[in-house]
Amino acid sequence: MNKDIKKIYEVDASQLKGSALDVVSPTNTEEVRRIITQTKNIVIRGAGTGLAGGCVPQHGSDVVLDMSKMDKISELDKERRTIEIEAGVILDDLQDYLSDFNLEFPVKPSSHAVVTIGGMIATDAVGNRAIKYRKTSDWIKWIEIIDSFGKVEKRGITELSDYSGMEGISGVIMRACLKLSPLKKRTATLLEVDNLDDVTSVVRKLKKNSAVSMIEFFDKEISKELGFDEHYHLIVEYEDDSGELKDKEYKKLLALRDKIYPFVADKGYTRIEDPKIMLDRFVKLMSWLESKNIPTFGHIGVGILHPCFNHEQEKYISEMMKLVKRLSGQISGEHGVGILKKEFVEMNDKKILINVKKRTDPLNKFNVGKVI
Amino acid sequence: MEKHKISEADRIEASNLMEEASDILDSCIKCGMCKSLCPVFKTLKEERVSARGKAIILSDKIMNKVVFECTLCKGCEQKCPLGIKVCDAIRKAREAMVLKGKGLKSNEEMIDNIRKTGNPFGKNIGNDPEKLYCC
Ligand SMILES: Cc1cc2nc3c(=O)[nH]c(=O)nc-3n(C[C@H](O)[C@H](O)[C@H](O)COP(=O)(O)OP(=O)(O)OC[C@H]3O[C@@H](n4cnc5c(N)ncnc54)[C@H](O)[C@@H]3O)c2cc1C
Ligand code: SF4
Ligand code: SF4
């Protein structure tokens, strides 16, 4: 590939820049098999919306395997509510297709308009409706993978954890059979909350309501940037008519939610993190973030926060990670480790990851230098 | 087609235009949301044709023919959370490339045909070469 065009595939939404030997865009399994058997180091790329640099080639010897053209949707089983699709299918294209059958894939990251199913499985993407639908791996029946020898194999639920959330270090996810859910009519309410303790108690109460499918939080700073009053805000989505905002108004609010990260990134807060903590520790973490003026939003319903750091504030990231660990939280709730968070992975977790890597990718071919 | 000599004025203008295109795209945060409405990306499924792809090479002031693979439909602008004027940048880059003699041969042929015959295909369907005839 022309060296100028190659640059395009050396970056992702994390804005990290790398360098690749070449880029290949296969259209079928046979081509992927051939590429794998003939290539030493492969970095797998979906839509490149990852925020941890997972698909950024680091070594000049990496070949980027772009999965975008593996985009066939096939075998919808309406009765069992399952569908077989290729890894490069874009989530919203799938939703468009499913809406004709009154079905949907219920996991919804804010990048839903462009994200690929392969990328979602590899990062075990979470998203706005996690409070009700958890994460991507909960909606997978089986996946088809290709290993470092070019062997095509099916992996069922029991072996899924070797691939989902492993960020491509164990092999290429080619196809998947997804479980589906009936399409819902949804409404939403925007709540204004005065202080962090109240946020916790409101969220705790809302979580008991089975019609609630999303609770999204944004802090005072982000509220101000979005044109709201300088208070804390919660977007609460309902799978019935209880929300105040319906139809167009509902869609407008959700579209605004999807734009938050790019919006704060434009203000210089380009490094977005995704710690996960229990609700009763939320105030402690938030108070620390506020003391450092770090704008924060997130999927509060499941405890995932998105503090956004500018260059000047990046020095606080390791301090925040220490605090998250002290609060018994996780350093990454949804974006994965990629390149950016490698240094924060605990020794014990690293050992487990290394074992999976050795077992699934004995030729050390896929995404070398990522995660571990 | 005969290669024309590029004047100093055109060279300077081209470099200014590339600078301007790069400035417009400077704030791109590489989120990739612009792909969602891009008809060229949707058809080819190649990141290089997306607005993000064009932003990456144009912010480095690289002249590449990929800027011509765009319908200027502004789908990307509608989806870009930062409202980046991608089409303005693409237009400037195209202009710069034409000034530097790096435009598309097919475009030059088309313009030549219009001048000679009044239609882009070079067919003599009208009798007034000053008029543009519909195909
Ligand atoms: C504006 C914005 C909002 C976001 N919101 C959310 C959110 O709400 N929730 C959330 O979880 N994430 C979110 N993200 C992060 C990102 O969208 C997710 O991590 C997503 O799952 C990445 O998918 P992708 O197709 O872009 O994969 P990429 O970024 O291309 O790759 C991500 C990782 O998966 C691997 N990979 C990709 N495809 C395959 C495959 N077929 N086989 C094996 N490995 C593969 C790559 O090697 C890499 O390690 C957001 C990102 C942006 C820019
Ligand atoms: S203007 Fe060009 S880059 Fe933007 S969406 Fe339309 S075709 Fe794609
Ligand atoms: S949507 Fe806008 S900011 Fe995001 S990659 Fe496209 S042009 Fe850049």
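Leu226(A) is in contact with Phe218(A), Leu256(A), Ile260(A) and Phe263(A), leaving aside its neighbours within four places in sequence. This residue belongs to a predicted model, and in chain A it lies in the loop between helix 7 (220-225) and strand 13 (232-238).

**Leu226(A)**
- Leu226(A) has a relative accessible area of 16% and is therefore buried, the limit being under 20%.
- Tyr238(A) is twelve residues from Leu226(A) in sequence, and the two C-alpha atoms are 22 Å apart in space.

**Ligand 3**
- The second largest cavity is the space taken by ligand 3.
- The residues surrounding ligand 3 are Cys28(B), Ile29(B), Lys30(B), Cys31(B), Gly32(B), Cys34(B), Arg52(B), Cys80(B), Pro81(B) and Ile84(B).
- Seven nonpolar residues, one polar residue and two charged residues make up this shell around ligand 3.

**Helix 5 of chain B**
- Helix 5 of chain B comprises 14 residues (86-99). From its first C-alpha to its last it reaches 20 Å, close to the 20 Å expected at 1.5 Å a residue.
- Its buried residues are Val86(B), Cys87(B), Ala89(B), Ile90(B), Ala93(B), Arg94(B), Ala96(B), Met97(B) and Leu99(B).
- In an α-helix there are 3.6 residues a turn, so residues three or four places apart point the same way.
- Gly101(B) follows helix 5 of chain B and has a positive phi, near 75 degrees.

Notes. Residues are numbered from 1 along each chain as its sequence is written. Chains are lettered from A and ligands numbered from 1 in the order in which they are written. This is a predicted model: local features need pLDDT of at least 70, side-chain atom pairs count only at pLDDT 80 or more; totals for chains, interfaces and linings use all residues. Side-chain values use heavy atoms; hydrogens and water are left out. A residue is near a molecule or strand if one of its heavy atoms lies within 4 Å of it. On a 1 Å grid over the protein atoms alone, a cavity is a set of points where a 1.4 Å probe fits but cannot get out, and a pocket is an open set with protein on both sides within 12 Å along at least five of seven lines; lining residues have an atom within 4 Å of a point. A molecule sits in a cavity or pocket if more than half of its atoms lie within 2 Å of its grid points. Ala, Val, Leu, Ile, Met, Phe, Trp, Tyr, Cys and Pro count as nonpolar, Asp, Glu, Lys and Arg as charged, and the others, Gly among them, as polar. Helices (H or I, at least four residues) and strands (E, at least two) are DSSP runs, numbered from the N terminus. The expected span of a helix is 1.5 Å times one less than its number of residues. Buried means under 20% relative accessible area, exposed over 50%, partly exposed in between (1.4 Å probe, protein chains only). Contact means heavy atoms within 4.5 Å.
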